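Please keep the view open while reading.

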Amino acid sequence: MKYVSTRGATDLGRFSDVLLMGLAPDGGLAMPERIPAFSPQELENLRGLSYPELAYAVMRPYIDDVPEADLRRLLQSTYTEAAFHSKDITPLTRLGQSNLYLLELSNGPSLAFKDIAMQFLGHMFEYVLEGRDERLNILGATSGDTGSAAEYAMLGKPRVNVFMLSPHGRMSAFQQAQMFSLQEPNIFNIAIEGVFDDCQDLVKEVNADAEFKARYEIGAVNSINWARVLAQAVYYFKAYFALGLPAGAEADFCVPSGNFGNVFAGYLAKRMGLPIGQLVVASNENDVLNEFFATGVYHVRPAAQVAQTSSPSMDIGKASNFERYVYLIAGSDGVQTKGWWDEVGASRPVDLRGSPHWDAVKASGFVGGRSSHADRLNTIRRIDREFGRLIDPHTADGVLIGERYARSGVPMVCLETALPAKFEETVQEAVSRTPERPERFVGIEQRERRSVVMPNDVTALKAYIEEQLAKRLRD
Ligand SMILES: *Cc1c(COP(=O)(O)O)cnc(C)c1O
């Protein structure tokens, strides 16, 4: 399979090349040149496969530059009960006798759905770097979930170092402890005296220095990575088969969304032939996506207009993976997509109303909704009371909007994107008790911490990276 850019470049190489690539050279995102679909019979043959076997079947058409036996082995060692604390990897639970289901994606190492793709990325990076005898120094910015998922995935991987920037004192106590308590020498936690956007700007500044970037083998694991999107498509298949519906019957999915990576993976599964009806995009107060599906106008918001909410992992003003969706809506037209994204880049609205593209959006099955802090608290409380099930604030955004669109006789699968233990403060506010923590995280706040505090200064950051890498080479 060859990869192309959403902005028109046609030769990005094959899977292993786009795995290590950030943005495409033309500024677009990597996409496979086509999306092969399973026939109904082929789909039936996937029913009953174990998670790693299913992952192989779904991902193989897009990863044809890795020998079959190697890919199977990598998937077997990624999707284990030991890492995900469940034999099913992503178990599906029905809420009482309703037609609402929770797809549990958060039982992995860092307690958020990002583990599912990031764990695969960790294994795949190590494999590809080994083959090429290369090294990679991941530089990232996090407000919580991405950083911890990336660090847990890269722990002890000898060819990879992680430099993770976070806003000093602004993550939840649990998230801080989760990251800062890691003692492995290839993990570097850097608390920046600033806000999340300052961290992101520092990453951009370092990446803009091509010489530094090449000399220190700087890479990324951000949500635009194609391998992450692809790995996420697998659990839509897993959930669909777990519903046990008759062949061809539809299921709906509802996804708490920020950068549009998770729900786009659902759209990929749909384009691959999985009978998905609606894809419900749940937003919080930062609802650019909801606004688009309601009005046909996509208008990104500058960082200063992004509100801090109690579902912080969805606080975005610009959904990076959305570009992949409009590219497919435009019939894989890179020139059209580039035209639109020139507007987006200049913070001007893109208006699809009245165009054939808007009809394509309508036909794609996407709908959206928005929730508030009060909605979140009420939903957490109500789902706890009615079904004895505690959910986190992001999942609550999803369940609320999912219920709104649920159709009689059609299962609505709500994706559980984090465990409540990760967002204790809000859950406590909703139900006046502290959510249970998995045993391995009990007392984590008391563990020894390994992190540095740094001013918001790119020169200091570069000097630190240089110094630490030199030290790593000596040890
Ligand atoms: C990252 C994240 C999201 C948003 O997912 P996207 O793929 O960016 O849309 C939602 N909930 C939680 C808990 C997350 O960590």
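Helices (H or I, at least four residues) and strands (E, at least two) are DSSP runs, numbered from the N terminus. The model is predicted. By these assignments, the span of residues 2-79 is 41% helix and 8% strand, and its end C-alpha atoms lie 26 Å apart. An unreviewed UniProt entry annotates residues 2-79 as "domain: Threonine synthase N-terminal".

An open sheet is formed by five strands in the order β8-β5-β6-β7-β15, with parallel pairing. Because β8 (218-219) and β15 (452-454) each have a single partner strand, they stand at the edges, and one side of each is left without a neighbour in the sheet. Strand β7 (residues 187-192) is joined to β15 by three bridges, and Ile190 has Val452 in β15 as its bridge partner.

| Helix | Strands it lies across | Angle |
|---|---|---|
| α9 (residues 196-208) | β5, β6, β7 and β8 | about 145 degrees to β5 |
| α20 (residues 458-474) | β5, β6, β7, β8 and β15 | about 150 degrees to β6 |

Strand β10 (residues 276-283) is mostly covered, with eight of its eight residues buried. Five bridges link β10 in parallel to β9 (residues 251-256), where Cys254 stands opposite Val280 in β10. Between β9 and β10 the chain passes through helix α12 (residues 261-271), making a right-handed β-α-β crossover. Strand β10 is also joined by five bridges to β13 (residues 366-370), again running parallel; Ala282 has Gly369 in β13 as its bridge partner.

Methods. Residues are numbered from 1 along each chain as its sequence is written. This is a predicted model: local features need pLDDT of at least 70, side-chain atom pairs count only at pLDDT 80 or more; totals for chains, interfaces and linings use all residues. Side-chain values use heavy atoms; hydrogens and water are left out. UniProt positions are given in the numbering used here, feature names are shortened, and annotations may be inferred rather than shown by experiment. Two strands pair if DSSP finds at least two bridges between them. Contact means heavy atoms within 4.5 Å. Axes are lines fitted to C-alpha atoms, for helices over the stretch in contact, and angles run from 0 to 180 degrees between N-to-C directions. Buried means under 20% relative accessible area, exposed over 50%, partly exposed in between (1.4 Å probe, protein chains only). A crossover is right-handed if, with the strands pointing away from the viewer, the path from the first strand over the helix to the second runs clockwise.
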